[in-house]
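Work through these exercises with the structure open beside you. Try each task before reading its solution.

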Amino acid sequence: MQRVSPHALKAMHDDGEELALVDLREELTFSRGHLLFARCIPLSRLELEFPRLVPRRSTRVVLCDENDGLIERAGSLLASSGYVNLQALAGGIETWSEAGFELFSGVNVPSKAFGEFIEHASATPSIAPEQLHRLLCENADVVVLDSRPFDEYRRVCIPTAVNVPGAELVLRVRDMAPSPHTTVVVNCAGRTRSIIGAQSLINSGVPNRIVALRNGTMGWSLAGYECERGKTAQAPSVSAYALAWAKSAAGRVARQCGIERIDLATLSRFAQDGARTLYLFDVRSPVEYQAGHLSGARSAPGGQLMQATDHYVGTLGARIVLVDEHEVRALMTASWLRQMGWRDVFTLAERGSETEAPSAPVLGPPPPDELGISCAELGRLLEAHAATVIDLSLSRDYRRGHIPGAWFAIRSRLSHALKKVRPRGTLVLTSDDGVVAGLACREAAGLSEMPVRYLLGGNADWKKEGRPHSSEPMLMADEPLDTWLKPYERPNETRAAMRDYLAWEIDLLARIGRDGSAHFHHVPI
């Protein structure tokens, strides 16, 4: 595999060709320092995540690691799966830093940095938690719109807040605040979705006073105010008036940002172009997506697509088509992606009738059938104390619940984990749905003298059958390096973690300036 220098890789960002920059380390390790536009695709889940994020086999791919052998292991699998343009950063990510280039901590950094860029460039107005608290206590004419997905909103929210996920704001604001005298406050957990959501409403020309809640629910909590939990308030169905206004407003924003609408014939032409990568995203709500969507489209609610673009789009310079039958959500999301530096962003006003998500391709051959074991078989082995279970799920899922007695381990570090586990009887691998466990069977067989099997259907089928499932005991055969925990997910010093996280977000603007590889630009609207 060809090795490229940091300076050569830096030049690739501006040469006009597509580029997939892939970091093979686990998410927590990745979060401690990585290249700005690197996508985290850990070796332990490579077969599942790589084809979703880098679907075109001839894409120029540059792999990164810590010069610790991950590249060689991944390169062999990717080459055998048809990826023909593989390169690697010479010497690992430390050489990037040694060359004088910036390494970034955290996750979803491009999206977070873009939010800070937009707040600065647009002078997005905000309101302090203390000011909002006073308005709510005075029963002032104010509405709080929570721009996060429903599950995040339900977990914790600001009092009186109604859930209106980011891309829905322009579509629904006229129904939520019909009087121009109502102050509209947009919030999220931290900063990015509050800023982008509030600025979306301002760009749309809504006549109300619009402000972002400074630092979101974290800022609210740090100010000493209580959040609410378990709330279910959501926006009503869109009225004809609100829809007509939103279409006009979003269309004006899209024209100013140079967004092109396409038809199905153009989409078909894009899909047949083997020289370019195409991502087709349905930016409506998950409920609408499940009710019927265009064939081949993946669900990517617009607010989340902006919040974590690197989670959805693995190839820089790719074509992106956003689908929304009402156009509003697609046009507003496209306006932000264009300002974020994505040149080829298009919208398509279609709905479709597919109800199943596109099948997720998995690289490599499937495990032999004879290596699978049923839940009933595993249950009998456990009763006879004749099996050792290793769970290869993400650590956050393992913590929520696992097969009693199962050990947590990271697949790419199985050799390390097995030294601690010392299995007896049959070694049974499991994971969330059994896929990762099946993929790991051959590796484990080469590391253990015991017979190795994997649980068919994984933990999902185990729970579905009503078998024992518990968060205790937690047997950690490895460090939980696979998951970066959000501040409110951390078991200790949560308030300090919130303060550190907010300071990190604010500091990103200066850091992307030093890095110089971001092509953010502001369109005055």
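**Exercise 1.** In which loop is the place of P473?

Solution. P473 falls in the loop between α22 (458-464) and β21 (475-476). Helices (H or I, at least four residues) and strands (E, at least two) are DSSP runs, numbered from the N terminus. Now look at the peptide bond from E472 to P473: it is cis, with omega near -10°.

Before going on, note that this is a predicted model, where local features need pLDDT of at least 70 and side-chain atom pairs count only at pLDDT 80 or more, while totals for chains, interfaces and linings use all residues. Residues are numbered from 1 along each chain as its sequence is written, and side-chain values use heavy atoms, with hydrogens and water left out.

**Exercise 2.** Trace the open sheet that has the order β6-β10-β9-β7-β8.

Solution. Start with the strands: 5 of them form this sheet, and the pairing is parallel. Two strands pair if DSSP finds at least two bridges between them. Next, find the edges. They are β6 (126-127) and β8 (162-163), each of which pairs on one side only. Then take β6 and β10 (residues 210-213): 2 bridges join them, and they run parallel. I127 has L213 as its bridge partner in β10. Helix α10 (residues 192-204) lies across β9 (183-187) and β10, and runs at about 175° to β10. Such axes are lines fitted to C-alpha atoms, for helices over the stretch in contact (heavy atoms within 4.5 Å). The angles run from 0 to 180 degrees between N-to-C directions.

**Exercise 3.** Which residues does S299 contact, leaving aside its neighbours within four places in sequence?

Solution. First place S299: it is in strand β13 (residues 298-299). Its contacts are D282, P286, Y289 and Y312. Take P286, 13 residues apart from S299 along the chain: the two C-alpha atoms are separated by 6.6 Å. S299 counts as partly exposed because its relative accessibility is 28%.

**Exercise 4.** How many aromatic pairs does a search of the whole structure find?

Solution. The search finds 14. The rings of W220 and Y225 have centres 4.9 Å apart and planes at 50°, so this pair is tilted. Rings of Phe, Tyr and Trp (its six-membered ring) pair if their centres lie within 6.5 Å; planes under 30 degrees apart count as stacked, over 60 as edge-to-face and the rest as tilted. W220 is buried, at 2% relative accessible area. The rings of F270 and F346 are also tilted, because their centres are 5.0 Å apart and their planes at 50°. This pair links distant parts of the chain: F270 in helix α13 (residues 264-271) and F346 in strand β15 (residues 345-348), 76 residues apart. Both are buried. Finally, F114, F117, W336 and F520 form one aromatic cluster.

Notes
Buried < 20%, exposed > 50% of the residue type's maximum accessible area, 1.4 Å probe, protein only.
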